[in-house]
Amino acid sequence: IKVSREAFNKLLGISNFKLKLNTVISEVVMDSKAIAAIGNSTKNGDVVIKIGKITNSTLSEDIMTQIGAKQGCRFEVRVGDAIITDFKDSLFKISIPYIPNKNETKNSIISYCIKNDQASKIADGRYNIDANMMEITSKYYPMFYIGYNEVTFNDIPQNAWYKDAVDFFAARDIVLGNENKRFEPDSNIKRADFLMLTMKAY
């Protein structure tokens, strides 16, 4: 998507404005802070926003081993010839179409951000089963990817009322359980463990 700098700058100063880009690869929503970061760039030239599909050849073998071979999107913003990477504290909403296979559960479908050949799990990424979309809220990264990480604990029954929540947090490494694959839901949580859990979630 290419927009003249003059046309793009007309978006600046509009309170709480959001720019939505919808493609077959993904949907990207930028908030007003991200728009300001682009518009206030000292570089000259048109604004070019690229959304592309990640192919397996794009990523290293180590990354592919870590995250698995599913699908993802590339996201790049340029002003003239300069790539914009500093969006301050703005948040992007990324939605990637995805159809799970029959053995996958929605809480174990996760998302990764990829930068400098490093992949990290995103806490705020969840699968919308009604829309068949992986919905991610994150600061800027050049690549986002869908993965799968099913974690089971021996002491959590399938019909436990809290199982969905545990599955969701465990898949994202927010809760870990112990070395014997037990979650121990009846045990008291230590203050330090609660602090670590909160830090991982945010």
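Helix α2 (residues 32-39) lies across β2, β3 and β7 (92-97), running at about 80° to β3. Here, helices (H or I, at least four residues) and strands (E, at least two) are DSSP runs numbered from the N terminus. Lying across involves contact, meaning heavy atoms within 4.5 Å. Axes are lines fitted to C-alpha atoms, for helices over the stretch in contact, and angles run from 0 to 180 degrees between N-to-C directions.

This is a predicted model, in which local features need pLDDT of at least 70, side-chain atom pairs count only at pLDDT 80 or more, and totals for chains, interfaces and linings use all residues. Residues are numbered from 1 along each chain as its sequence is written, and side-chain values use heavy atoms, with hydrogens and water left out.

**Exercise 1.** Follow the pairing of β3 on both sides.

*Solution.* Two strands pair if DSSP finds at least two bridges between them.
- Step 1: β2 and β3 (residues 27-30) run antiparallel, joined by four bridges. Here leucine 19 has methionine 30 of β3 as its bridge partner.
- Step 2: β3 also pairs with β7, antiparallel over four bridges. Glutamate 27 faces serine 95 in β7.

**Exercise 2.** Carry on from β7 and work out the order of the sheet.

*Solution.* 
- Step 1: six bridges link β7 to β11 (residues 133-138), again antiparallel. Lysine 93 has threonine 137 in β11 as its bridge partner.
- Step 2: the open sheet has five strands, in the order β2-β3-β7-β11-β10, with antiparallel pairing.
- Step 3: β2 (19-22) and β10 (125-128) are at the edges with a single partner strand each, so one side of each has no neighbour in the sheet.
- Step 4: on average, neighbouring strands of this sheet are turned by 15° against each other, direction ignored.
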